[in-house]
Amino acid sequence: MDTSAEETGGAYRCVQCGRTWSAQVCPEGGVPCIPAFEWKEDDPVQGKALGGQYLALMELGSGAAARVFSAWDKVENRPVALKVIREPGDKEQAERFRREAIATKRFEHPNIVKMEGAGHDVKTGLLFLVLEQLEGRPLDRLIAAEAPVNPDEAFRLAIPICEALSAIHEGGLIHRDVKPANLFVARDERGGETVKILDFGITRFAGDDPVDQALTAGRVLGSVIYASPEQALRAPLDARSDLYALGIILYELLMGLPPFDRDTPLETLKAHVEERSPLLPLEFPRDVSDLVESLLEKDPGRRPQSALQVLAALDRILGRLKRSEGISVPVRAAEGIPVGGEDIKNPWQGPDKTPNQQPVESPQEAQDSSSLPWVIGSVVLLGVLWFVGQSMGWV
Ligand SMILES: Nc1ncnc2c1ncn2[C@@H]1O[C@H](COP(=O)(O)OP(=O)(O)O)[C@@H](O)[C@H]1O
Ligand SMILES: [Mg+2]
């Protein structure tokens with residue numbers, strides 16, 4: 001809890017003994033205190049020791065089915081995070097929560113939140129997961145505060161996300177809820193920063209997953225803003241659906257807004273299926289736009305085929321961006337890439353593209369080639385202006 005004395009007015013509360021202190025640790029029980037204003041009198045979870053062991057301190061975040069608390073492990077005397085189900089009586093929520101525990105537990109990976117245990121509090125009936133407590137902020141908060149960010153910053157954030165997705169997909173799962181609120185920009189003890197994926201709440205297990213089918217019952221799960229076209233159509237999904245979500249996140253990081261966000265969820269889903277994804281402006285280096293736009297392809301066969309392929313592209317482009325630091329648009333000319341007219345091949349074309357799927361003319365190409373006359377026109381105009389200016393003695 002990084003709260004300054006001014007923010008708290010210097011008053012802290014111990015949720016265990018209920019007393020207010022000026023110290024951040026309770027002098028009696030040794031439990032960390034919370035800023036006094038964070039105490040909610042009627043909260044059904046705060047201040048409870050779930051399973052007799054995990055004392056819920058204060059809410060860190062929440063979603064539709066669960067709330068996440070900072071907590072104190074009273075047995076091992078250390079901080080943890082507790083993810084607590086909202087409605088203990090809801091059978092569907094409980095089944096999803098159980099599946100989330102099984103999925104999260106599978107991974108021991110630096111870019112996936114670590115689960116340390118799970119439990120059932122007999123007194124309250126609440127199910128809970130015990131997670132490592134992360135310090136930092138979720139990516140949705142970073143986006144709200146800082147986006148649009150530079151391509152190198154966006155790609156730097158995307159690399160650990162891809163590492164996590166690669167492990168998840170190789171482990172036979174599809175996350176299905178890749179979105180900024182489920183990605184945590186975490187600080188480590190050495191002051192470094194990485195991203196960790198959270199929330200396996202609607203993860204799908206590979207192959208036939210009849211329990212998932214029953215739970216899903218024809219609904220579109222997850223946030224519609226990050227839903228792939230195949231998710232929107234409730235068509236069969238594979239790992240490439242998570243890559244589309246990554247494309248939306250990259251677009252949002254670079255532009256400050258997601259490409260499709262309509263007035264109603266249904267309209268947003270329709271846009272994912274029917275509307276051409278907006279292009280990144282020409283100011284972006286070509287390889288950056290190509291990667292993001294390929295992730296946003298409607299047809300999964302035209303996207304990068306695996307998180308590993310995306311990783312390789314991110315690494316390559318980041319390396320190039322570093323070499324040409326400080327130069328944005330002219331990079332393309334400097335590298336000898338013509339500003340327009342080049343025939344762009346989709347390098348990600350998967351093997352499962354059916355012959356009747358004609359590649360759509362890359363809109364970026366259209367934009368590029370149509371800009372050529374303007375470039376020539378501007379150069380001529382500048383020349384004329386310079387000539388007139390000189391003869392008039394202005395320059
Ligand atoms: N281990 C953790 N450490 C710190 N904050 C967390 C942790 N897990 C989740 N959070 C916070 O809680 C929010 C909701 O967590 P999430 O697992 O996505 O729950 P839900 O399933 O309800 O969406 C996240 O966006 C994040 O801000
Ligand atoms: Mg979530």
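Q: How many residues of the shell around ligand 1 are nonpolar, polar and charged?
A: The shell has 12 nonpolar, 6 polar and 3 charged residues. Here Ala, Val, Leu, Ile, Met, Phe, Trp, Tyr, Cys and Pro count as nonpolar, Asp, Glu, Lys and Arg as charged, and the others, Gly among them, as polar. This is a predicted model, in which local features need pLDDT of at least 70 and side-chain atom pairs count only at pLDDT 80 or more, while totals for chains, interfaces and linings use all residues. Residues are numbered from 1 along each chain as its sequence is written, and chains are lettered from A and ligands numbered from 1 in the order in which they are written.

Q: What makes a residue near ligand 1, and which residues are the closest?
A: A residue is near a molecule if its C-beta atom, placed from the backbone, lies within 6 Å of it. Ligand 1 is surrounded by 21 residues, and the closest are Gly-61, Gly-63, Ala-81, Leu-134 and Asp-199.

Q: Which strands each supply at least two residues of the shell around ligand 1?
A: They are β5 (54-62), β6 (66-73) and β7 (78-85). The largest share, 3 residues, comes from β5. Strands are DSSP runs of E with at least two residues, helices are runs of H or I with at least four, and both are numbered from the N terminus.

Q: Why is ligand 1 said to lie between two domains?
A: Domain 1 (43-131) and domain 2 (136-324) both give residues to its shell, so ligand 1 lies between them. The domain bounds come from an automatic or database domain assignment.

Q: What makes β7 and β9 a pair?
A: Two strands pair if DSSP finds at least two bridges between them.

Q: Why are β2 and β3 called edge strands?
A: An open sheet of 3 strands has the order β2-β1-β3, with antiparallel pairing. β2 (20-21) and β3 (34-35) each have a single partner strand, so one side of each is left without a neighbour in the sheet. Between β1 (residues 12-13) and β3 there are 2 bridges, and Tyr-12 has Pro-35 in β3 as its bridge partner.

Q: Which strands does β12 join by bridges?
A: β12 (residues 183-187) is joined to β10 (residues 135-138) by 4 antiparallel bridges, with Arg-137 opposite Val-185. Another 5 bridges join β12 to β13 (residues 193-197), again antiparallel, and Leu-183 stands opposite Ile-197 there. β12 and β13 form a hairpin with 5 residues between them, and Gly-191 in the turn has a positive phi of about 85 degrees.

Q: Why is α9 called roughly antiparallel to α10?
A: The axes of α9 (residues 286-295) and α10 (residues 307-323) come within 10 Å and cross at roughly 160 degrees. Axes are lines fitted to C-alpha atoms, for helices over the stretch in contact, and angles run from 0 to 180 degrees between N-to-C directions. Angles under 35 degrees count as roughly parallel, over 145 as roughly antiparallel, 65 to 115 as roughly perpendicular and the rest as oblique. The crossing angle therefore makes α9 roughly antiparallel to α10.

Q: How close do the axes of α4 and α10 come, and at what angle do they cross?
A: The axes of α4 (residues 151-170) and α10 come within 9 Å and cross at roughly 160 degrees. That makes α4 roughly antiparallel to α10.
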